[in-house]
Amino acid sequence: MAMWMHDEGMMQGRRSQQEDDYGVFELPPELEAGRLLLVLADGMGGERAGALASALAVRGFVETYDIIPSATIPERLERTLHHVNGRLALEVAANPHLRGMGCTLLAVVLAEEALYWISVGDSPLWLWRRGRLRRLNQDHAYRVILAGRVNAGEMSAEDAAAHPDRNALISAVTGENLELIDLSRRPLPLEANDQILLASDGILTLSEQEIATVLKAARAPKSPCQPLLAAVESRQNPQQDNTTVLWARRLSGAGMSWWPKGWSG
């Protein structure tokens, strides 16, 4: 059997309020719905509304995923996402001043030897395997469209990097129609010592090479969460966004165990 160890960490950055939220939930084994559920949301729509949106999304996802009847893991993920989106719609309908609130949402299910995910927005999911960092989920930010225009020769890389809307979301959980959903309908097989990293977009202060360097140095039983957050903080970015990281490593061993830890900054 596989053994998972995991860890979590958050930092507020230069924002006046924490708009990220996350949840980690050990799943009942009799459901055959995976062993561990990790959920991360990054709020938008103003400080109070963004914090509320991410809290509602995470809480709703964790409370709903394991009560979906007779479903495969991808079906559970998809139905739970739509349930969460509906809850945000009801909240906005009851409180019109919250109109415009929303969040990104990234949910990962770790099964015995595989991984599934669903995501909306730009919160990245990475796999670290044998010295290589690979992003698994889609980026639902306008920078992807700009990159396509650069590749097509329609604009320069410099203009794309300076575009004022490059970080704007093209899909988010707002209670309205979900423009884009990235769902893994097939399991991604995992190997011993694979590392999984979920993060809010505040982590993008670091390059993928810098993130890979930290993950490479994270030898069991050490976690890379605090070193990653310390690396972000060391940049002293005056516009630093909230940053949340959830991390898991697949080990080999008898039984399935987790050692949760978490902290905020």
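Author: Strands here are DSSP runs of E with at least two residues, helices are H or I runs of at least four residues, and both are numbered from the N terminus. Before we go on, please keep in mind that this is a predicted model, in which local features need pLDDT of at least 70 and side-chain atom pairs count only at pLDDT 80 or more, while totals for chains, interfaces and linings use all residues. Residues are numbered from 1 along each chain as its sequence is written, and side-chain values use heavy atoms, with hydrogens and water left out.

Reader: How many bridges link strand 6 to strand 7, and in which sense do the strands pair?

Author: Two strands pair if DSSP finds at least two bridges between them. Strand 6 and strand 7 (residues 132-135) have 4 bridges and pair in the antiparallel sense. Strand 6 is also joined to strand 10 by 4 bridges, and these two run antiparallel as well. There, Leu125 stands opposite Leu198 of strand 10.

Reader: What should I look for in the hairpin of strand 6 and strand 7?

Author: Look at the residues between the strands and at their backbone angles. This hairpin has 2 residues between its strands, and Arg130 takes a positive phi near 45°. Arg130 is not a glycine, yet its phi is positive. At 68% relative accessibility, Arg130 counts as exposed. Here exposed means over 50% relative accessible area, buried means under 20%, and partly exposed lies in between (1.4 Å probe, protein chains only).

Reader: Which other residue can I compare, and where is Ser70?

Author: Ser70 is in the loop between helix 1 (47-64) and helix 2 (73-94). Its phi is also positive, near 45°, and Ser70 is not a glycine. With a relative accessible area of 76%, Ser70 is exposed.

Reader: Back to strand 6: is it buried or exposed?

Author: For a strand, count its buried residues and see which way they point. In strand 6 (residues 125-129), 5 of the 5 residues are buried, so the strand is largely enclosed by the rest of the structure. Leu125, Leu127 and Arg129 point one way, Trp126 and Trp128 point the other way, and all are buried.

Reader: How do I read a nonpolar core, and which residues touch the most other members of the largest one?

Author: A nonpolar core is a set of buried Ala, Val, Leu, Ile, Met, Phe, Trp, Tyr and Cys residues joined through side-chain atoms within 4.5 Å. The largest here has 32 residues, of which Phe61, Tyr65, Leu77, Leu105 and Val173 touch the most other members. Strand 3 (36-44), helix 1, helix 2, strand 4 (102-110) and strand 5 (114-120) each give two or more residues to this core. Helix 1 gives the most, with 7 residues. A second, separate core of 20 residues includes Trp126, Trp128, Ile211 and Leu228.

Reader: What does Phe61 touch?

Author: Contact means heavy atoms within 4.5 Å. Not counting residues up to four places away in sequence, Phe61 touches Leu37, Val39, Leu77, Thr80, Leu81, Val84, Leu105, Ala107 and Ile118.

Reader: And what does a polar contact look like, for instance at Ser200?

Author: A polar contact is a pair of N or O atoms within 3.5 Å; within protein, one must be able to donate a hydrogen and the other to accept it, and residues adjacent in sequence count only if both atoms are side-chain atoms. The side chain of Ser200 makes one with the side chain of Asp20, at 2.8 Å. Ser200 sits in the loop between strand 10 (195-199) and helix 5 (208-217). Ser200 counts as buried because its relative accessibility is 0%.

Reader: Where does Ser184 lie, and what does its side chain reach?

Author: Ser184 lies in the loop between strand 8 (182-183) and strand 9 (188-189). The side chain of Ser184 reaches the backbone nitrogen of Trp117 at 2.7 Å. Ser184 and Tyr116 are 68 residues apart in sequence, but 5.7 Å apart in space, C-alpha to C-alpha. At 6% relative accessibility, Ser184 counts as buried.
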